[in-house]
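Could you have a look at this one with me?

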Amino acid sequence: MLAGKKILLGVCGSIAAYKSAHLVRLLVKANAEVKVLMTPAATEFITPLTLATLSKQEVLIDFAEDNGRWNNHVELGLWADAMVVAPASANTLAKLASGICDNLLSAVYLSARCPVFFSPAMDLDMWKHGSTQANLERLKSYGNHIIPVGKGELASGLYGEGRMAEPEEITAELEQFFLAAEQERDLEGKKVLITAGPTVEMIDPVRFISNYSTGKMGFALAKEFAKRGAQVTMVKGPTVHQEVLEGVDTLEVTSAEEMYQAATARFGDSDIAVLAAAVADYTPTEQHAQKIKKNGGHMQLELVKTKDILQSLGQKKTKGQILVGFALETENEETNARQKLEKKNLDLVVLNSLNDKGAGFGHDTNKITVIDRKGNAKLFELKSKTAVAHDIVNEIVRISHA
Ligand code: CTP
C-alpha cells in the first residue's frame with residue numbers, strides 16, 4: 001500500500017529521534033519514497049548522515065543550504081502524498097498549532113496540501129500539560145492526524161504516557177490511511193445488481209407465504225457499493241425495513257417471479273451481482289382472485305418451485321461478470337456452501353450460519369464465512385451488517401483483481 005508513495009518525514013529534537021532511523025528503513029522497505037526534513041534541534045539527537053543514508057536522499061534542514069541551494073518549501077509540500085512528523089516535539093506541535101513558521105519543517109507544514117500525521121514524543125508531564133493537549137486538539141481540528149502515543153517505556157528509560165509510537169505502528173497507520181483512501185471510490189463506473197429482502201407469494205388477495213428477511217443485509221450492501229462509487233440497482237421484495245438510499249436505483253417487486261424478471265433484465269448490464277434476497281423456493285400453483293372461503297377440516301395448498309434466480313444468472317454469466325450468492329445453512333455448512341458455489345456457477349458464496357448467535361434474519365449483526373472458487377474460506381467475526389457489507393465488498397474487489 002505504501003509502494004510508490006511520497007512521504008515527507010519531519011524529525012524534531014527529541015530523544016525518540018533515534019526511532020526515525022528505523023521508521024525510514026521501514027518506509028523504504030515498503031518501497032515508499034522518503035524525504036527527511038529535520039529541525040535544527042533534531043540534528044543534536046541523530047545525524048543527518050544516518051537518515052540520508054537510509055532514505056537514499058539528501059536530508060533537508062534549512063531553507064538555504066551551504067552550497068547556496070534554496071529548498072523550496074512550497075514544492076516540497078506539493079511533492080508529498082503524506083507528511084509525517086515523528087517524533088513531534090511539544091515545541092514543534094505548539095508552533096505548528098499556531099502557525100509559527102521559523103524553520104523549513106514548519107514552512108513545509110504550512111504549505112503542505114497532503115494529509116499530515118503527527119507522532120508526538122515527550123515526557124509524561126509535558127504530554128499531560130493542558131497546553132500540549134490543547135495544541136493537539138487544535139492540530140486535529142485543522143484536519144491533521146495524531147498517531148496515539150505509546151504507554152510503555154519512554155526513550156529516556158522512564159515509564160509513562162508520551163512515548164512515541166513504534167515505527168511499525170506509524171507505518172501501519174499510514175498503510176491504513178492509504179488503503180481507506182484507495183477503497184473510497186474503488187468501484188467507480190462499476191454496475192452492481194443487488195437483490196434484497198423477502199418475496200411475498202400471494203395465495204389469495206389477503207394471504208401470502210413469505211419469510212422473516214428484513215432486507216438489512218441487502219441495504220447495507222447497496223450502501224457500501226454506492227459509497228465506493230458503483231452504480232447500484234437494488235431489486236427488493238417488500239421489506240419491513242424501509243430506507244431511501246441515495247444514488248441507488250431501487251426496483252420494488254413482490255413475488256419470486258417478479259424478482260426473477262427484474263433481476264434477469266438487469267443482469268446483462270451488470271459487472272457485479274450480489275443476490276442477498278431470501279427468495280421463496282415455492283409459490284402457490286394457483287393464485288385465487290377471491291378470498292378463499294373456509295371449507296371443512298382440512299385444506300391443501302399446492303406449491304410449485306420458483307425459478308432459482310441465482311442459478312439462472314450463473315448460467316447466463318459471461319467472462320468478467322462476478323456473481324455472489326448467499327447460503328444459509330444449519331448443517332454441513334461449508335460443504336453445502338461449496339456445493340452451492342459450484343452448482344450455481346458463483347464466484348463467491350457468503351455463508352451465514354444459523355448456528356451463530358446474532359447472525360441471520362432480523363439481527364443488525366451478521367457472522368459470515370466467504371468462500372471463493374479456489375475453495376479458500378475466510379471466516380469473519382460477528383459484526384454489524386454495515387461492517388459485514390464492507391468485508392464482502394472487499395472480498396469481491398480482491399477476487400476481481402486476482
Ligand atoms: N436464490 C435465488 N432464487 C431462488 C432461491 C434462492 O436467487 N429462487 C438465491 C438467494 O438470493 C441466495 C441463495 O440463492 O443468494 C440462497 O440459496 P439458498 O436458499 O440458501 O439455498 P438453495 O439454493 O435454495 O438450496 P436449499 O434450499 O437446498 O438450501
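**Notes on the model**

1. Let's begin with Asn103, which sits in the loop between α4 and α5 (104-111). Elements here are DSSP runs numbered from the N terminus, with helices being H or I of at least four residues and strands E of at least two. This is a predicted model, where local features need pLDDT of at least 70, side-chain atom pairs count only at pLDDT 80 or more, and totals for chains, interfaces and linings use all residues. Residues are numbered from 1 along each chain as its sequence is written, and side-chain values use heavy atoms, with hydrogens and water left out.

2. Is Asn103 buried or exposed? Asn103 counts as buried, because its relative accessibility is 9% (buried means under 20% relative accessible area, exposed over 50%, partly exposed in between, with a 1.4 Å probe and protein chains only). Its side chain makes a polar contact of 2.8 Å with the side chain of Ser106. A polar atom of the Asn103 side chain also lies 3.3 Å from the backbone nitrogen of Leu105. For the term itself: a polar contact is a pair of N or O atoms within 3.5 Å; within protein, one must be able to donate a hydrogen and the other to accept it, and residues adjacent in sequence count only if both atoms are side-chain atoms.

3. Pro40 belongs to the loop between β2 and α2 (48-55). With a relative accessible area of 43%, Pro40 is partly exposed.

4. Ser89 is in the loop between β3 (82-88) and α4 (90-97). It has 10% relative accessibility, so Ser89 counts as buried. A polar atom of the Ser89 side chain is 3.2 Å from the backbone nitrogen of Thr92.

5. Please check the peptide between Ala86 and Pro87: the bond is cis, with omega about 0°. Pro87 is part of strand β3.

6. Now the ligand, which sits in the largest pocket. A molecule sits in one if more than half of its atoms lie within 2 Å of its grid points. Which elements give two or more residues to the shell around the ligand? They are α11 (309-316) and β14 (322-329), and β14 gives the most, with 3 residues.

7. Of the 14 residues around the ligand, Leu275, Ala277, Phe326, Lys340 and Lys344 come nearest (near means that a heavy atom of the residue lies within 4 Å). The shell divides into 7 nonpolar, 2 polar and 5 charged residues. The classes put Ala, Val, Leu, Ile, Met, Phe, Trp, Tyr, Cys and Pro under nonpolar, Asp, Glu, Lys and Arg under charged, and the others, Gly among them, under polar.

8. A backbone N or O atom of Leu310 is 2.9 Å from a ligand oxygen atom. In Asp281, a side-chain N or O atom is 3.5 Å from an oxygen atom of the ligand. Taken alone, the ligand exposes 570 Å², and the protein buries 75% of that (Shrake-Rupley method, 1.4 Å probe).

9. Asn31 is not a glycine, yet has a positive phi of about 70°; Asn31 is in the loop between α1 (18-29) and β2 (33-38) and is exposed, at 54% relative accessible area. Asn332, also not a glycine, has a positive phi of about 40°. Asn332 is in the loop between β14 and α12 (333-343) and counts as exposed at 55%.

10. Last, Glu302 is in the loop between β12 (282-284) and β13 (303-305). Why does Glu302 count as exposed? Because its relative accessible area is 55%. The C-alpha atoms of Glu302 and Ser89 are 77 Å apart, at a separation of 213 residues along the chain.

Technical notes: 1 Å grid on protein atoms, 1.4 Å probe; cavity = no way out; pocket = protein on both sides within 12 Å on 5 of 7 lines; lining within 4 Å.
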